[in-house]
Amino acid sequence: MTSNPLRRALVGLAGWAFFAGPAGPAGAAELVMFSDRGCSYCARFEAEIGPVYPKTEEARRAPLRRVDLGEGIPPEFAHLRPPSFTPTFVLVEQGREIGRILGYPGEMHFWGLLGMLLERLEGEPAVASVGG
């Protein structure tokens, strides 16, 4: 039996896709953290939030992507308004900026601000506010 190169390539791609796992939804949201070496607030974020963020519901909805400004801004973020200081967290969905958190205000404020940004995502259920 002779082997068809096209068939081999398709079988290889199918196997790769199976082991790579399912891709996320097209245009899924991500939280982009723009940081810089020597940034003390970036280090504080990494110490307080960095280890737990991947385990949270927020990370499921918007995985964290770190961008070191010392290495330049990746082309996929070139259209965003450049951060004026670090850290700057930008929530992006389908290449569009949803909102940003300027600086790191501490753990409690960060989660609250991130929650407000996540409420703006398309297709997400509205969250009722409590209080007057």
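Trainee: Is Cys 42 buried or exposed?
Mentor: Cys 42 counts as buried, at 6% relative accessibility. Buried means under 20% relative accessible area, exposed over 50%, and partly exposed in between, with a 1.4 Å probe and protein chains only. Please note that this is a predicted model, where local features need pLDDT of at least 70 and side-chain atom pairs count only at pLDDT 80 or more, while totals for chains, interfaces and linings use all residues. Residues are numbered from 1 along each chain as its sequence is written, and side-chain values use heavy atoms, leaving out hydrogens and water.
Trainee: What does Cys 42 form with Cys 39?
Mentor: The two form a disulfide, with their sulfur atoms 2.4 Å apart; the cut-off for such a pair is within 2.5 Å. The link is right-handed, with 80° about the S-S bond. Cys 39 is buried too, with a relative accessible area of 13%.
Trainee: How many disulfides does the structure hold?
Mentor: One.
Trainee: Now the largest nonpolar core: which residues touch the most other members?
Mentor: Of its 22 residues, these are Leu 31, Phe 45, Tyr 53, Leu 91, Phe 110 and Leu 114. Such a core is a set of buried Ala, Val, Leu, Ile, Met, Phe, Trp, Tyr and Cys residues joined through side-chain atoms within 4.5 Å.
Trainee: And what is Tyr 53 in contact with?
Mentor: Leaving aside neighbours within four places in sequence, Tyr 53 has contacts (heavy atoms within 4.5 Å) with Leu 31, Glu 58, Ala 59, Ala 62, Pro 63, Leu 64, Trp 111 and Leu 114.
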